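Thank you all for coming; I would like to take a few minutes to walk through one model with you. Please have the sequence and the structure open as I speak.

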Amino acid sequence: MLNRRFVLSHPAHFIALGAGSGLSRFAPGTAGTLWAWAVFLLLQIWLTPFQMGLLIGASTLVGWWACTLTARHMGVADPGAIVWDEVVAFWLILWLVTPTTFGGELGAFILFRYFDAAKPGPVRWADQLFKGFGWRGGWGILFDDLVAAFCTLLVMALWRVL
């Protein structure tokens with residue numbers, strides 16, 4: 001069921017599956033985050049920080065719709081192939097830590113992937129808070145990654161202070 005045809009069959013699928021990056025057989029969340037990183041670097045060329053912030057806000061709302069619909073079409077409440085949650089959360093991280101070095105971005109990537117995959121403490125809580133299908137479940141797909149982004153930013157801020 002999950003193939004290029006499914007990705008292209010509806011705009012929500014294309015968005016939720018990160019333009020196909022979620023089809024990766026190995027670690028789709030990591031593939032989606034890498035795709036997000038590459039796209040962010042390209043968007044930085046053309047967009048001001050303010051415009052990037054607006055794009056992230058709009059992408060969160062559009063992603064909520066896309067994740068809700070795609071999960072329903074797949075018949076799975078929180079499918080691993082949906083990576084728009086990683087995309088929006090990692091864009092938020094990169095936007096808030098910019099300007100930084102490649103090492104800073106790489107550190108953000110590693111921290112975010114840890115928080116998203118291992119789901120310690122608050123991320124696990126957020127992952128279990130909104131479950132199911134419909135708008136509540138669609139928000140749940142995004143919410144735990146936004147909490148993982150917050151945890152990443154918190155660790156990075158503490159690192160800079162110490």
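Pocket, cavity and contacts

Let me begin with the largest pocket, whose lining receives its biggest share from helix 6, with three residues. Please keep in mind throughout that this is a predicted model. Helix 6 covers residues 102-118, and along with helix 3 (28-46), helix 5 (84-97) and helix 8, each of these supplies at least two residues of the lining. In total 15 residues line this pocket, and those that lie nearest its centre are Gly80, Asp85, Glu86, Asp116 and Lys119. If you sort the lining by class, you find nine charged residues, four nonpolar and two polar, around a space of about 180 Å³.

Helix 8 gives the most to the cavity lining, with three residues.

Helix 8 spans residues 134-161, and it packs with helix 7, residues 121-129, at an angle of about 170°, the two axes being 8 Å apart. Because of that angle, helix 7 counts as roughly antiparallel to helix 8. On the helix 7 side the contact is made by Pro122, Val123, Trp125, Ala126, Asp127 and Leu129, which meet Arg136, Phe143, Asp144, Val147, Ala148 and Cys151 of helix 8. The residues of this contact comprise nine nonpolar and three charged ones, with no polar residue.

The C-alpha atoms of Trp135 and Thr68 are separated by 6.0 Å, although the two residues are 67 apart along the chain.

That brings me to the aromatic residues, where the structure holds 13 aromatic pairs. One of them is formed by Trp64 and Trp139, which lie 5.1 Å apart centre to centre with 55° between the planes, a tilted arrangement. Trp64 belongs to helix 4 (residues 49-74) and Trp139 to helix 8, so this pair ties together parts that are 75 residues apart in sequence.

Finally, two details of the backbone. Most residues other than glycine have a negative phi, and most peptide bonds are trans. Ala27, in the loop between helix 2 (11-16) and helix 3, has a positive phi, near 50°, and is not a glycine. Between Thr98 and Pro99 the peptide bond is cis, with omega about 5°, and Pro99 is found in the loop between helix 5 and helix 6. Helix 5 and helix 6, you will recall, are among the helices that supply the lining of the largest pocket.

Technical notes:
Residues numbered from 1 in each chain as written. Predicted model: local features only at pLDDT ≥ 70, side-chain atom pairs only at ≥ 80, totals over all residues. Heavy atoms only, no water. Axes fitted to C-alpha atoms, helices over the stretch in contact; angles between N-to-C directions. Helix = DSSP H or I, 4+ residues; strand = E, 2+ residues; numbered from the N terminus. Parallel < 35°, antiparallel > 145°, perpendicular 65-115°, else oblique. Contact = heavy atoms within 4.5 Å. Nonpolar A, V, L, I, M, F, W, Y, C, P; charged D, E, K, R; others polar. 1 Å grid on protein atoms, 1.4 Å probe; cavity = no way out; pocket = protein on both sides within 12 Å on 5 of 7 lines; lining within 4 Å. Points joined across faces, edges and corners; volume = space filled by probe spheres on them. Phe/Tyr/Trp six-rings, centres within 6.5 Å; stacked < 30°, edge-to-face > 60°.
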